[in-house]
Amino acid sequence: MSNRGKIVFLTTLAVTLVPGPGNAALAQAPPITVQQPPLVLWYERPATVWESEALPLGNGFIGAMVFGGVERDRIQINEKTLWSGGPGANAGYDGGHSHKRPDELREHLAAARRLLQENMNYFSKNLAAYIHPLTGQVVSRDCPEMSPEFWYHINSLKGDKTHYGSYQSLGDIIIEDLVYKPYVVITSNARTADPNEGIRKLIDGRVDTKWYSSAGLNWGYNHPFPIWFLLEHREPVTIDYYQLTSANDVENRDPRSWKLYGSNDNREFVLLDSQTNVMYSRRHETKTFRLPQPVSYKYYKLEILENRSRRNTDGCQIALFEYGLSGESLVQRQDYSEYVRSLDLNQAVACTAYVLDGVSYLREYFINYPSNVMAVMLSADQEGRLSKRISVESPQRRAAISVENDTITMTGRPADHHEHGLRFAKQVKVIADGGTMYAADDGIIVENANSILILMAAGTNYQLCMDDSFDYFTDEDQLAAVRERIEAAAAKGYDKLRAEHIADYRSLFDRMKLNFAGIEIPRRPTDQLLAAYGGRTAQPNTPGEDLYLELLYYQFGRYLLISSSRPGSLPANLQGIWADGLNPPWFADYHTNINVQMNYWLAEPTNLSECHLPLVDFINSLVPRGRITAQRYFVTDTGKPARGWTTFHECNIWGNTAPAVSEAFWFPVGGAWLARHIWEAYLFSMDKEFLADNFSTILEAAVFWVDALVEDERDGTLVSSPSWSPEHGPYSLGCTQDQAIIWDVFNITLKASAELGISLPEIDEIRSAQSRLSPPKIGLAGQFQEWKDEITIDITGDWGHRHVNHLYGLHPGDQFIAGNETDDRFIEAMKVTLNTRGDGGTGWSKAWKINFWARIRDGNRAHKLLQEQLKGSTLSNLFDTHPPFQIDGNFGATAGMVEMLLQSHGEAIELLPALPDRWSSGFASGLKARDNVELDLEWSDSLLQKAVLKPQVDKDLLVKAANISQASITDSQGRLVEVKMIDENTLRFSAAAGEAYTITCAGQ
């Protein structure tokens, strides 16, 4: 048996950090080499739960969740562009805009603004917070309730979610062992409306699925009772009982009367049993029916004469049909051993390994980006021991599945799409070494093979539309494209595909490595490692094992981004690239009030800039529709339609930029927030051509707010109105996050125009508007205010509300920099806020707090939040849970961990700015700082020992680290570099592109 992918964890190893040879291109530079331990998620049993146990694979286009079952393996497949809704469901789809006329919408907005101003005027005059002269305590009130008139106008601004659509599963690849039970071909004379409720669901061993004969329903399948299904075996099967389990739906569809027959030639049948007036008392109830004596036949046929309602139009539903000899289930659970299910982050390869009847079996799974195919290789260490049925299942109701020779083909479209809408195609090609292979029963049967290679490719005719044609469909024959990829992959062969995949993946993953002194490779599987983290079980992890889990979790975040966001693909959505079924939580869409942005916080600092590009493309695609949104809702103070573009917080792949329909629907700063990602991508690359290509998107996001701001008549400052603090409320004037995002997009635009030497009238308008913005405030209670007006729930923390969105200016913005004398009073107020809100919250909330505390330079508190994330918001497969699964927590936590090691959002590159005590010694390589500087770090006893800076542009660099004034700096030739010491923790030097500068601290 090949040892490829085999996992062996036999000893606990303390990893020693030893410098090694440097990069050949920088041979003269003193090296920092990180010996990162093997990073593997592994488990001792197959997965049964998609969300928390299955293991993710992806290449940005195709996603897969691997279950690793022995007798039956399910590989759930996604294709990133498979969405319902949009113009494929309704050719007139307009991005979710209200059907009201623009003038009506503007009138409603003006009325809501007027009423809101009156309310806040009343608040300032009668309810404003003050310090009681006798007690010295802050006396505060909450905002008064808005009038029904206000709610009428504000609710009239909601968009239209009709045809919004949802990200959807493409389907599953099923690998079944032929000895799992006597192989059955099952057929029926009754059709089904839903392929996911087909006849094979009767014998899949699961009660949570069902067969639904649509019988007389109005779906064109009017088949009257009796209806029957036939089970065909290779050899006669002896039974003395059978069982029927009721399905989950209405009882009228239960079978009521039937006859069971047996045959050995499929022509003459013998009556074995007859039942009448059978009544089920509950859903998923199993009834057993005994035969007078054992019988043995190749064919068994159940003829259903009527259902419970005795109405043909109700059809018939059954969850499960089982049969056999008493005490001898036909479902033989095989006695396998040495089972390991794993995901190797170093290679992006999943494995299932086990021993059965003295034979070692191995399955390897990966998804190749260059060839855009998935490969699954089944092998054994003895020849001729692989006998499998490979098939495809799909929840897509308009999927057609066919089998020809060695290939399964599935084509179709989402159930709500017309023929000119989205079309999908998927092919599975089976290549066997040895044995026999044939198509049968909607699958491919392989018997007695030495190895089996399964190749899968999928695609749709979707295109990301970048203009106002809003044409999201190509004329490409997606099946021909899929077939071409499959054939090209088959021609390469498994070994070349695997090598190509690993080389491509490692070109990204290996750029950045991290290790902590004292790490121990655990002997326990990942689910047990997670359960025992932080001393939570009777046999807790060692400190070294906890460190390993933290490192594994960190790099898992990078792995997930590589897997779900590659150039040419759509960006990572709420679940990355993974979603089960047709209706995942929150449509698995793109939320711009934190979620999609958090997905990309780690991209640049962890050296995955290419993975950031899909988001930039997506942002630009929103601009044409976002201009329409701006013009439909907003006007200038002179009554002209607002310029620029924006988007509200719920976006799909069909250009939805309009307001949503939930209580928290009002979030017009989505476009301004997204503009920061273009700016960040520039700061880390310093690519002025990139900035010039994307400058108009930034400029228009800022110009929109020049036109959309209103004057607060209480103090003459400019505010957003109405303003809803995300997922928290209440409506007010200029909530702090709105104001911070608007300040930020103004600031970014001014800086970007200076970088490009652009001078436009709009730049002056932006500068003027920024100077008039209502500023952030510190409350009388010492907290950083969430709203412009201090209210009670801000002081109390509103029972630990999960959102701390008003700290945007600290992170991801750069309005406030800890350690800056001017900003530190605001930083202290932010600490009050964070302490009041507490360390609880959902997964993404904890992840954001890791970043906040890191930016505040409190590494131990940031690490505490990381512990909270792992203990309370991480599932067994290391997915973040909101709950349910929501991937932004993974990405946000990884971003927060890198913020502990390196920050560059201020004027300086800060080394180890928030290092927690638990990470007192370690190495890191390949970190990225703004100004396009790559860094390697070595530290010990919580102090920097050495840093290597590799700038890619000529730049004066300001570097901060504790006691750095005692350090020396040399270039790649070992020559001392002239340095200006600013203070004991800060130095400045002039850096040249392509050089490597080593900072060596005293005593090193």
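A residue is called buried under 20% relative accessible area, exposed over 50%, and partly exposed in between, with a 1.4 Å probe and protein chains only. Ile-452, at 0% relative accessibility, therefore counts as buried. The structure is a predicted model, in which local features need pLDDT of at least 70 and side-chain atom pairs count only at pLDDT 80 or more, while totals for chains, interfaces and linings use all residues. Residues are numbered from 1 along each chain as its sequence is written, and side-chain values use heavy atoms, leaving out hydrogens and water.

Ile-452 belongs to strand E27, residues 451–460; strands (E, at least two residues) and helices (H or I, at least four) are DSSP runs numbered from the N terminus. Leaving aside residues up to four places away in sequence, Ile-452 has contacts (heavy atoms within 4.5 Å) with Val-376, Met-377, Leu-378, Leu-386, Lys-388, Ile-390, Val-430, Ile-431, Ala-432 and Val-446. Gly-435, 17 residues from Ile-452 in sequence, lies 9.9 Å from Ile-452, C-alpha to C-alpha.

The view now widens to the whole protein. The protein has 17 helices and 44 strands, and 63% of its 1004 residues count as buried. Among contacts between residues at least 6 apart in sequence, 71% join residues at least 24 apart. The C-alpha atoms fill a box of roughly 95 × 70 × 60 Å along the principal axes.

At another site, Tyr-130 lies in strand E5, residues 130–131. Tyr-130 has a relative accessible area of 40%, so this residue is partly exposed.
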